[in-house]
Amino acid sequence: MTEQTTATTRPQTSGVGYAVAGVLVVLALGAVTRYLEAQVPQWADGTAFERVAKSIEFPVYAIALGLLGNFVLSRLALRDALSRGFRTEFFIKTGLVLLGASINLKVLVTAAGPAIVQALLLISIVFGFTWWLGGVLRLEDKLRALLASAVSICGVSAAIAAAGAVQAKREQLAYAASLVIAFALPSIFLLPWLADVFNLSDAVAGAWIGGNIDTTAAVAAAGAIAGEDALQIATIVKTTQNALIGVVAIALTAYFALKVERRSAAEARPSLGQFWERFPKFVLGFIAASIVGTLYLAWGGDKSAISTLNDLRTWFLIFAFVAIGLEFSLKGLREAGWRPIALFASATVVNIVAALGLAVVLFGNFQVG
């Protein structure tokens, strides 16, 4: 009896140990990510790589280190055992809830009238086009939902929210995140240069940058290159789009539950309980955090508290991107082939054109300050 009990408890103890070791791997690589984010720009200062080094965001380092760790652990035959401690979903959801605290809803009411119109129209146009073309290219519905959300709203964060809503595979999320980063980096330099070539006003340039570039950090980098006034408008436009993550997640949850995953019209509609079961609960935390953060600042709260939450959010997202790299599998990429790249590239072109047109119409006479 004693031998049997010992035999059954050893795997559980070993499992806990591997889980703890997996978490420690994520934390260690996350710390290295933060170190590189802070030090690489200093190392490149005064060199030809200075501007590039300053524009590289933490997801690049985090995913790269995660992929490197993935390779090493796979070679050592440890990745599968440690994977139970990578906790990708926990890190992602916690980071997105904390993201909500930095989105001040007051901005949308007092200073973002044109930005709201632009965000709604641009998301509708780009999401609709990407979803349609993804169908033409016969991409799996969950993958095209991730890509459509990423390119039309705010990159990786939107893809993460969409992944929770449609219950996408981790490989699909990793693919979407990789495409976002690959297309966002050159946009940091391309869009400010084109804004200068087209002789756009600061307001139009900022609205174009904020509406087109997929990640908030890349928007900040491009806006800074374009100028302080352009940066202000770019931030407002991107913040407005960020605030719509929850709305899109709710819509995707409903669409996939009521249509995509219903095999026939005769099949019973899912109950409210079933809908609630698959709904990404962290979206409610995201919205609640945004409301609390807005009220806190409106009532005279210390902005340093929000800054602390933003820093904590960054840590959780770093851990999430590291874990994505650690869990990444080439199998999903091989199955997807060239079509997701073609889809994302086409959607990016549509996004550039549509965002420029809307920026000119909505912000052409807008005065900054």
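**Ground rules**

Residues are numbered from 1 along each chain as its sequence is written. The model is predicted, so to speak of local features a pLDDT of at least 70 is needed, side-chain atom pairs count only at pLDDT 80 or more, totals for chains, interfaces and linings use all residues, and side-chain values use heavy atoms, with hydrogens and water left out.

**The chain as a whole**

The chain has 19 helices and zero strands. Helices (H or I, at least four residues) and strands (E, at least two) are DSSP runs, numbered from the N terminus. Of the 369 residues, 47% are buried. Buried means under 20% relative accessible area, exposed means over 50%, and partly exposed lies in between (1.4 Å probe, protein chains only). Contact means heavy atoms within 4.5 Å. Take the contacts between residues at least 6 apart in sequence: 80% of them join residues at least 24 apart.

**Confidence**

pLDDT is the predictor's confidence in each residue, from 0 to 100. The chain has a mean pLDDT of 80, and 83% of its residues reach 70 or more. Over residues 1-13 the pLDDT is below 50, and this stretch has zero contacts in the model beyond near neighbours in sequence. Where pLDDT is low, the predicted coordinates should not be read in detail. Among the elements, helix H6 (residues 105-110) has the lowest mean pLDDT, 55, while H19 has the highest, 91.

**The core**

A nonpolar core is a set of buried Ala, Val, Leu, Ile, Met, Phe, Trp, Tyr and Cys residues joined through side-chain atoms within 4.5 Å. The largest one has 98 residues. Its residues with the most contacts inside it are Leu-147, Leu-173, Leu-252, Phe-321 and Phe-363. Helix H10 gives the largest share of this core, 12 residues. Phe-321 is in contact with Phe-58, Pro-59, Ala-62, Ile-63, Val-156 and Ile-160, leaving aside neighbours within four places in sequence.

Phe-363 turns up again as a partner of Leu-358, which also touches Gln-118, Leu-121 and Leu-122, not counting residues up to four places away. Leu-358 is found in helix H19. Its relative accessibility is 13%, so Leu-358 counts as buried.

Helix H11 (residues 202-212) is largely enclosed by the rest of the structure, because 10 of its 11 residues are buried. Among them are Trp-208, Ile-209 and Asn-212.

The table lists three pairs.

| Pair | Apart along the chain | C-alpha separation |
|---|---|---|
| Glu-171 and Glu-327 | 156 residues | 7.9 Å |
| Leu-358 and Pro-114 | 244 residues | 9.4 Å |
| Phe-189 and Ala-222 | 33 residues | 6.4 Å |

Glu-171 is partly exposed, at 26% relative accessible area. Phe-189 is partly exposed too, at 28%.

**Two positive phi angles**

Most residues other than glycine have a negative phi. Ala-77 has a positive phi, near 60°. Ala-77 sits in the loop between helix H3 (58-75) and helix H4 (79-82). Its relative accessible area is 67%, so Ala-77 is exposed. Asn-199 has a positive phi as well, near 55°. The loop between H10 and H11 holds Asn-199. Asn-199 is exposed, with a relative accessible area of 69%.

On a 1 Å grid over the protein atoms alone, a cavity is a set of points where a 1.4 Å probe fits but cannot get out; lining residues have an atom within 4 Å of a point. Grid points are joined across faces, edges and corners, and a volume is the space filled by probe spheres set on the points. A search of the whole structure finds four cavities of 30 Å³ or more. The largest cavity has a volume of about 60 Å³.

Its lining is made up of Val-151, Phe-183, Ala-184, Ser-187, Asn-212, Ile-213, Asp-214, Thr-348 and Asn-351. These residues divide into four nonpolar, four polar and one charged. Here Ala, Val, Leu, Ile, Met, Phe, Trp, Tyr, Cys and Pro count as nonpolar, Asp, Glu, Lys and Arg as charged, and the others, Gly among them, as polar. Helix H10 (170-197) and helix H19 (339-363) each supply at least two residues of this lining. H10 gives the most, with three residues.

Notes
On a 1 Å grid over the protein atoms alone, a cavity is a set of points where a 1.4 Å probe fits but cannot get out, and a pocket is an open set with protein on both sides within 12 Å along at least five of seven lines; lining residues have an atom within 4 Å of a point.
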